[in-house]
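Hi everyone, thanks for coming. I'd like to walk you through a structure that may be new to you, so please have a look at it with me.

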Amino acid sequence: MDRLLLRSSPFGAETGALPIGEFEPGEEASARAWDALMGEDCKILVIGAGGLGCELLKDLALSGCRDITVIDVDTIDLSNLNRQFLFRMKDVGRPKAVVAAEFIEKRVPGCKVAAHHAKIQDFDGEFYSQFSVVVSGLDNVEARRWMNSMLCSLAEIDDDGNVIDPDTIIPFVDGGTEGFKGHARVILPRHTSCFECSLDLFPPQRVFPMCTIADTPRLPEHCISYAHLLQWPQAFPDKKLDKDDPEHMKWIHERAQERAEQHQIPDVTYMLTVGVVKNVIPAVASTNAVVSAACALEVVKLVTYAGHVLNTYLMYNGVTGVYGSTMALERRADCVVCGAPRRTFRVPAATTLRAFIADHLGGAALKIRKPSVTHPSRVLFMQAPPALRAQTEPNLDLPLSELCADGDELTVTDPAWGQGTALGAVIKFS
Amino acid sequence: MAAADPSSDALNDQESELYDRQIRLWGVQAQKRMSSSKVLYAGFTGVCAEAAKNLVLAGIHATIQDHRAATYADLGTNFFLTAEDVGKNRAASCQARLQQLNNLAKVDAEERSLEELEDAYFKQFTCICLSGAPLHQQKRIDGICRSAGVFLYVVESFGFYGYLMLDLGQGFSYRKELGENKGLSDPIPVAFPSIEEAVGAPWSTLKNRWGPVSKVYALAQLMLEFEEKHGRRPGASDGDTMTSVAQQCLKRNGLPTDFIASDETAVLCAQAQVEINPVCAVLGGILGQEVIKALSQKGTPAHNVFLFDGTTSEGKVMLTPPAAK
């Protein structure tokens, strides 16, 4: 690593398009960069200790990071072992974060890994503000959104939205994989496109329309969904389906096969049944290796300024033989999380709160599904806790004109944003 | 633990469970082919260690070959080495830990050097990943591979750069996925040039409509050229020698002598013997994926060179010699 940082960079003193810092090669810089990676001030947070997380922990520890924290809510399953190589057969059932930390600390003396068997939502802003860089290997959009909202909220800004203290900007490196495909991206809160800015990039989750499942199945998946979503609740109204119970899954498989035979649909295998019901994502070591390494490389560059930082998004497709394109995602000026937390909504005064929530807050525009709404003077609707929800539920059917005045600003929160972000919804009656 | 039985149609229970997530990607037949394949990792560098991890996890048998002793520098890129192994043979030291990743894939170690190994040795493998070997050895082993139908992957990780040259032979073919639930295409043939033909193509002919040949390619070739002349890869103090090697090479290849500046050759010298882990991991992942595609015969192979620039995180596939017009 020393020799690498001693070289003179062909890029001179720049670090590329993203405003990270300057790098001047030479012994002093090498020592500084080395210290940067290995020193006390460099605290890296790795989110997820699964396919990407194991690789990330290995890459960062071998690259010289000494202080790593890892969070993962899962325990180890046999099917993880084809790629999550910090785990062995004997570890099945134990928490991923804990086992991963043990392995790394043993293999890389001097590297400390603090493990948390928990959800990211279990921690607050004070916890997250201690880290130099956050890198994630998550398996769902919701968690990424929450983390993004948290980190964007930590960047201190003035009333005009300008960053006051650059030290409060915590870079967020995000990796994701599915089968042979994956991505890596760098988010600099308040500077680059944030995760919320690019929500449109993600195709909707693969759900089958109920009418197809119920009336006109064509694919084996439709038959399986029918058995899972319709037949089981009918046959066992009091028993919840246990996706890990082979007896339950066998029942679903048999029902699905019967239905498939009726409609002359082939290939309803047990493996497919499990895959559909559990929403299994195929996974293999090589994809995870590429994406997590790309992420680790960015972390190293962010901390040491030793090269251009990825600007800002990289796509990998292992099927077509092409490594992938890098492109700079654009920041959205109207992004609720990192740009414009206030929006004006022009609505007829008679619009009910329920309709306002469904049409303007849910849906394609903001993509939040469980919003709570408050007025400066009182709570209008709260999703939780149950007592408050029951109390505010009647408000849903009232017209907005009875709940607020023209020009009032309502505050909208949602679990997708966590504590970090709230939308100021200015209501104007049309 | 018993390995896959190639004669039966199904995988045993243990394999089905362990390989569940990957079988959903490439199917049982491909898994059986992989579970009965043998890969030789000749030169157990950081990048080969990464590729070996990926492929042993997937169930592919491995032989790791290296005559060299492990050094302290190796500890930063080779996950299978610990401080106690420094000074001991690199292959022997890694064998047990690599084996631990998957009991269903057999892992052997070979301590003899490439020069000591006779031609017949290489023919027992399905494919060979060759790293850290001089160009004349690359050509020798390529000749053996082509005659025996063995796939060859020459892979180098140096500083922020990565280089992978494939030779899957004259008669290689693959199938493409035709879209959801539509199955696979008919076999598509793609002939690979030999390593000799590939590196022999003048660099001035390797331009395309977006620009001249990639600098990463040129730098890799300069590194190998230096080694052929001086018996070792360049080090930090070889700046001047490398500059003159570069000038000769550029001239011979029809490129202007300022195509590579002297500070770039200085960078090359500083980096040629350095591997950094994230670059090894990217390249090892790509290499793993290429081997999986070749063994499962599904998916377009890189044809025939893949280059990685870790400073920009860009990867690129190029063909040398260029396609006939």
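This is a predicted model: local features need pLDDT of at least 70, side-chain atom pairs count only at pLDDT 80 or more; totals for chains, interfaces and linings use all residues.

Now compare another glutamine, B:Q14, which you'll find in helix α1 of chain B, residues 13-18. B:Q14 counts as partly exposed, because its relative accessibility is 30%. From B:Q14 to B:L104 there are 90 residues in sequence, yet their C-alpha atoms are 9.2 Å apart in space.

Next, please find helix α6 of chain B, residues 135-148. How far does this helix reach from its first C-alpha to its last? Its 14 residues reach 20 Å, close to the 20 Å expected at 1.5 Å a residue. Just after α6(B) comes B:G149, with a positive phi of about 70 degrees.

Which residues of α6(B) are buried? They are B:L135, B:Q137, B:Q138, B:I141, B:D142, B:I144 and B:C145. As a reminder, an α-helix has 3.6 residues a turn, so residues three or four places apart point the same way. The buried residues of α6(B) pack against several elements of chain B, among them β5 (151-158), β6 (161-167) and α8 (215-230).

For the contact, domain 1 of chain B provides 22 residues and domain 2 of chain B provides 16 residues. Between them, domain 1 and domain 2 of chain B bury about 1500 Å², with 64% of it on carbon and sulfur atoms.

How many salt bridges are there between domain 1 and domain 2 of chain B? The count is one salt bridge, and there are nine residue pairs in polar contact, both at pLDDT 80 or more. On the side of domain 1 of chain B that touches domain 2, the elements giving two or more residues include our helix α6, along with β5 and β6. While we're in chain B, look at the salt bridge of B:R233 with B:E156, where the closest N and O atoms are 2.8 Å apart.

Last stop: the two chains together. Here 57 residues of chain A are in contact with 58 residues of chain B. Chain A and chain B bury about 5100 Å² between them, and carbon and sulfur atoms give 64% of that area.

There are two salt bridges between chain A and chain B. You can see B:K53 form a salt bridge with A:E55, the closest N and O atoms being 2.5 Å apart. Which element gives the most to the side of chain A that touches chain B? That is α11(A), with 10 residues.

Methods
Residues are numbered from 1 along each chain as its sequence is written. Chains are lettered from A and ligands numbered from 1 in the order in which they are written. Side-chain values use heavy atoms; hydrogens and water are left out. Helices (H or I, at least four residues) and strands (E, at least two) are DSSP runs, numbered from the N terminus. The expected span of a helix is 1.5 Å times one less than its number of residues. Buried means under 20% relative accessible area, exposed over 50%, partly exposed in between (1.4 Å probe, protein chains only). Contact means heavy atoms within 4.5 Å. Buried area is the accessible area (1.4 Å probe) that two parts lose on being put together, summed over both. A salt bridge is a side-chain nitrogen of Lys or Arg within 4 Å of a carboxyl oxygen of Asp or Glu. A polar contact is a pair of N or O atoms within 3.5 Å; within protein, one must be able to donate a hydrogen and the other to accept it, and residues adjacent in sequence count only if both atoms are side-chain atoms.
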